[in-house]
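Here is a short tour for anyone meeting this structure for the first time. Take a look at the sequence and the model, then read on.

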Amino acid sequence: MQVLPTPTERFIQGILPENPVYRQLLGLCPTLAVTGGLKPALTMAAAVGFVLLCANIITSLIRNLLKPHLRIVVFTLTIATFVTIVDRFLAAYLYQMSKALGPYIPLIIVNCIIICRCEVCASRQSVPAAAADALGQSLGFGLALAGIAAVRELLGTGMLAGYPVLPESWPDWVIMVLPPGAFLTFGLLLALVNWISADKQQGEGGGS
Amino acid sequence: MTPAPLTAADTTLHVAPSPHVFNMRMTVTRMMIDVLLALLPVVLAAIYFFKWYAVKQLLICLIAAVCAEAVFSRLRARPLRLGDMSAVVTGFILGLSLPASAPWYIGVIGSVVALGVGKMVFGGLGMNLFNPAMVGRAFIMIAFAGKMAASGYLVPGSGVDILSQATPLTLLKQSGQSTSLVPMLIGATNGSLGETSALACLLGGMYLYWRKVAAWEIPAGIFLSALLVGLVNDFLTPGSGWTFAHHLTGGALCFGAFFIATDPVTSPLTPTGKWIFGLGSGTLVMVLRLFSGYPEGLMFAVLLMNAVTPLINRWTIPRPFGGA
Amino acid sequence: MAHALKQKIPSPGRWLRDTNLGQAWLVLALAILFGAALAAVQVNLSRRIEANRQNETLSKIPELVWGPARAREIKSGSAAVQIIPGTLQAGSGANPITLNLFKVIHAGQLAGWVIKAGGQGYAEKIDLLIGIDPQVSALTGLFVLDQKETPGLGNKITAPGWRGQFKGRSTGRPLTVAAGLSGSEAAIDAITGATISSRSVTRIVNRVMAAVKDSLEVDTFRPIERRS
């Protein structure tokens with residue numbers, strides 16, 4: 001039987017080695033759609049993090065009761081419940097943000113990161129491992145979103161999280177806050193991450 | 001990429017990415033130099049009409065394009081091929097498609113995007129799907145819409161008269177005014193640097209045709225379809241003062257037909273394919289001019305047709321001799 | 001081996017496991033549990049969400065009638081501001097339109113009207129709040145409730161400077177959009193690079209002005225009956 005990673009390993013893996021966005025290319029819909037600014041990107045990451053943590057814990061708790069052919073139904077049911085809770089909470093306490101994120105909060109239900117983690121980790125491992133996995137993956141997702149959003153917001157508006165950073169004379173690159181800017185930034189950052197890790201691997205290979 | 005000189009005993013089949021050079025005396029470098037020579041009348045007209053503005057804009061784009069090519073080649077660890085002049089051509093075409101007064105960073109960003117995202121990301125010359133200069137222009141057009149839209153062409157009090165008028169297509173779109181034909185033919189109107197003089201473009205186009213560098217089918221297709229749509233439009237909206245002749249000489253149609261759409265890398269290979277490409281581009285230009293929010297549509301038309309070029313190539317595979 | 005043996009002897013436990021209920025009991029149990037949790041969330045939050053939704057419109061109304069400075073003054077003053085939502089049947093004969101509007105009463109006097117109207121923008125529907133004075137002779141303000149115009153260009157319609165142009169315009173003649181400077185009294189300056197968005201807003205305003213010019217009066221206004 002294969003040895004499953006420990007909670008610590010799970011946590012670290014989520015950040016870069018198995019980063020949901022840059023390594024697994026999962027959850028790209030919010031990655032492209034809500035990264036026009038840092039604030040919506042971080043709100044989205046927090047929402048996904050909350051749903052992922054809750055879904056992973058619940059799935060891990062009931063993992064011995066799951067029947068293979070009904071497991072997806074159970075995952076979806078769990079995820080949909082927590083997404084609805086997040087959606088209502090945002091509408092009640094962060095109304096403007098909830099309006100800005102629009103349909104992308106309900107769409108977390110079909111975000112494949114969550115169902116993937118339920119399947120890969122939570123339905124096989126104990127609660128601590130599942131929780132550590134959820135935290136690591138959420139952190140990785142949050143970092144990926146924040147990276148893309150920072151580039152797009154800075155170039156597109158000269159601001160970061162709504163605060164002016166660049167001088168007034170900065171010409172806004174409007175394209176960066178539009179959908180094409182999302183694809184370009186994502187592609188270039190993906191290339192950068194691959195380039196850096198390829199460089200690192202080569203360096204390590206040369207050393208040994 | 002540069003084919004070896006053909007010797008009598010040499011029966012090797014060269015497999016190389018496009019531009020496919022069939023005539024062995026012609027190399028990519030030779031072809032690019034021919035394009036540059038053909039651009040000469042256009043550049044001269046631009047300098048004559050826009051004075052110092054044209055010189056500045058073209059130099060910025062040229063230097064930025066060459067530097068971007070060098071940097072991206074380095075990043076991708078590829079041999080530097082500045083000698084083939086393709087970066088110079090891209091820089092010139094981009095520069096000629098910009099407004100005279102666009103700020104310096106627009107030319108620089110446009111060139112970097114053209115060479116980086118438009119060309120090197122796909123694997124360098126011959127592998128790109130879209131015309132690099134137009135990728136760069138589309139990027140800056142959307143990024144700096146305020147500077148590239150109608151008002152971006154106006155420079156009040158510049159000492160250059162035509163820079164104080166709106167471009168002919170903008171006048172038409174916004175207030176329905178027409179411009180007389182002669183200035184549009186010569187180039188004494190406002191517009192992007194290279195597009196105003198239909199005559200200079202025609203001269204350069206003739207040279208390209210004479211040197212057999214560019215396919216005649218593509219410009220022919222563009223002019224034919226623009227003419228047809230223009231005539232139908234004249235028939236449907238008579239007395240507007242803006243006729244099919246204005247459509248043919250105005251905007252970037254001439255410049256684009258000869259220098260942008262004919263890019264051998266991003267246009268179809270077979271004559272039939274080239275006809276389809278030309279007719280499609282011309283129709284799209286007219287549809288965009290007549291029905292979209294933009295006054296001119298050549299850039300988007302060419303990019304859209306670039307996207308379907310692989311499909312056109314598939315449709316028009318020539319039947320081998322004796323094949324069913 | 002043990003597995004094969006088990007299959008031959010049907011046990012009550014196994015029979016129960018094979019029924020639909022035995023298969024799906026976890027799904028059902030979770031559905032009931034989650035359903036209850038969601039109901040609790042809904043009960044606790046729905047009022048707040050509804051209030052958020054209404055406040056968005058209502059909080060803008062005083063500003064549209066009196067302008068930001070005077071609105072703040074009135075808010076802190078003693079006289080009550082009453083905002084009555086209602087509808088208005090406007091337009092002539094064949095194509096009547098129903099407008100949603102608010103009647104604003106301050107210290108017992110009619111202070112103005114605010115009309116909610118929408119129309120097609122460059123990207124998607126634009127929703128506006130339009131303030132009109134009690135005599136229906138001039139605009140008192142404009143606010144963009146909802147828009148998805150191009151960021152950096154079309155979305156400048158929400159900028160106070162641009163929408164401020166509408167304040168004080170007469171309802172008597174339709175507004176036009178001019179690119180660059182124009183001397184006309186009824187002209188609205190277009191936003192650079194976003195002529196279409198500018199025109200869309202102006203078109204919505206013109207349509208509303210044409211509709212209310214002759215038909216908006218105190219007795220044509222129909223308040224919406226509030227079920228409390």
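How many helices and strands are there in chain C? Chain C has 7 helices and 8 strands, where helices (H or I, at least four residues) and strands (E, at least two) are DSSP runs numbered from the N terminus.

## Before we start

This is a predicted model, in which local features need pLDDT of at least 70 and side-chain atom pairs count only at pLDDT 80 or more, while totals for chains, interfaces and linings use all residues. Residues are numbered from 1 along each chain as its sequence is written, chains are lettered from A and ligands numbered from 1 in the order in which they are written, and side-chain values use heavy atoms, with hydrogens and water left out.

## Chain C in brief

Take the contacts in chain C with a separation of 6 or more: 51% of them link residues 24 or more positions apart. Contact here means heavy atoms within 4.5 Å.

Chain C has an accessible surface of about 13,300 Å², and carbon and sulfur atoms hold 55% of that. Such areas come from the Shrake-Rupley method with a 1.4 Å probe; for residues, only the protein chains shown count as cover.

## Chain A overall

Over in chain A you'll find 9 helices and 2 strands, and along the sequence they run α-α-α-α-α-α-α-β-β-α-α. The radius of gyration of chain A is 18 Å, close to the 17 Å that the globule rule gives for 208 residues, so chain A is as compact as a globular protein of that length. That radius is taken over C-alpha atoms, and the globule rule is 2.2 Å times the number of residues to the power 0.38.

Buried residues account for 48% of the 208 in chain A. Among chain A contacts with a separation of 6 or more, 74% are between residues 24 or more positions apart. Chain A exposes about 9,700 Å², with 70% of it supplied by carbon and sulfur atoms.

Helix H7 of chain A covers residues 127–157.

Now find A:Ser98, which sits in helix H5 (residues 95–101) of chain A. Is A:Ser98 buried or exposed? Its relative accessibility is 15%, so A:Ser98 counts as buried. Setting aside neighbours within four places in sequence, A:Ser98 is in contact with A:Leu90 and A:Ala91.

How values were computed. Buried < 20%, exposed > 50% of the residue type's maximum accessible area, 1.4 Å probe, protein only. Expected span 1.5 Å × (residues − 1).
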